[in-house]
Amino acid sequence: MEKNQENQTNFVGFILLGFSSSPEFQGLLFPVFLCMYLLCLLGNLMIILLIFSSASLLHAPMYFFLCHLSLADLGLSSTIVPQMLQSLLSRTNFISFSGCLTQVYFFVSFCAADNFLLASMAYDRYVAICRPLHYATIMSYRRCIQLAAASWLLA
């Protein structure tokens with residue numbers, strides 16, 4: 001008896017379902033998400049540029065961590081949104097396994113960096129409130145760099 005050949009498809013990726021299957025609604029969603037993404041980029045870049053424009057702000061621990069938090073938010077929004085915009089624009093709802101794993105890796109890394117930076121900011125405020133006389137020695141610029149570097153490396 002001859003072996004029956006079955007139809008086999010080798011599909012190496014994921015099909016993204018998205019928000020809507022109707023093309024008219026996807027055409028409406030693209031400019032909305034593009035505007036939100038551009039506003040997010042613009043806001044975070046403005047924070048970074050304003051902090052870097054003033055040396056006194058860059059050496060203040062709160063603004064130093066705020067700058068790093070804005071960098072983490074830039075990376076966080078830039079991992080997911082461009083793929084979503086490309087999917088809405090081209091109407092191709094496909095992402096490869098390696099592309100998905102890369103996207104998830106960077107998303108989780110930036111989320112972890114975000115959380116560690118928020119913990120560093122909380123520590124800064126704790127020292128400012130509970131140890132105000134020792135604040136300048138405890139939260140030196142070197143300590144801020146160490147906390148930020150640890151946040152990025154642990155993520």
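**Helix 6 and its surroundings in a predicted model**

Cys144, Ala148 and Ser151 are the buried residues to look at in helix 6. Viewed down the axis of helix 6, its buried residues fall within an arc of 55°, so they line one face of the helix. An α-helix has 3.6 residues a turn, so residues three or four places apart point the same way. The other side of helix 6 carries Arg142, Leu153 and Leu154, which are exposed. What do the buried residues of helix 6 pack against? Their partners are helix 3 (61–90) and helix 4 (97–130).

Helix 6 itself covers residues 141–154, which makes 14 residues. From its first C-alpha to its last, helix 6 reaches 20 Å, close to the 20 Å expected at 1.5 Å a residue.

Read from the N terminus, the order of elements is β-α-α-α-β-α-α-α. Of the contacts between residues at least 6 apart in sequence, 73% join residues at least 24 apart. The protein has 155 residues, and buried residues make up 30% of them. Its accessible surface comes to about 10,500 Å², and carbon and sulfur atoms account for 70% of that area.

The aromatic side chains come next. A search of the whole structure finds 5 aromatic pairs. One of them joins Tyr105 and Phe106: the ring centres are 5.3 Å apart and the planes stand at 75°, so the pair is edge-to-face. The angle decides this because planes over 60 degrees apart count as edge-to-face. Are the two residues buried or exposed? Tyr105 counts as exposed, because its relative accessibility of 52% is over the 50% cut-off. Phe106, with a relative accessible area of 40%, is partly exposed. Tyr105 and Phe106 also belong to one aromatic cluster with Phe110 and Trp152.

The last topic is the annotation from the record. An unreviewed UniProt entry places the feature "transmembrane region" at residues 28–51, 63–84 and 104–123. In the model, residues 28–51 are 100% helix and 0% strand, and the end C-alpha atoms of this span lie 36 Å apart. Residues 104–123 are likewise 100% helix and 0% strand, with 28 Å between the end C-alpha atoms.

Definitions and conventions:
Residues are numbered from 1 along each chain as its sequence is written. This is a predicted model: local features need pLDDT of at least 70, side-chain atom pairs count only at pLDDT 80 or more; totals for chains, interfaces and linings use all residues. Side-chain values use heavy atoms; hydrogens and water are left out. Helices (H or I, at least four residues) and strands (E, at least two) are DSSP runs, numbered from the N terminus. Buried means under 20% relative accessible area, exposed over 50%, partly exposed in between (1.4 Å probe, protein chains only). Contact means heavy atoms within 4.5 Å. Accessible areas come from the Shrake-Rupley method with a 1.4 Å probe; for residues, only the protein chains shown count as cover. Rings of Phe, Tyr and Trp (its six-membered ring) pair if their centres lie within 6.5 Å; planes under 30 degrees apart count as stacked, over 60 as edge-to-face and the rest as tilted. The expected span of a helix is 1.5 Å times one less than its number of residues. The arc is that of the directions from the helix axis to the C-beta atoms. UniProt positions are given in the numbering used here, feature names are shortened, and annotations may be inferred rather than shown by experiment.
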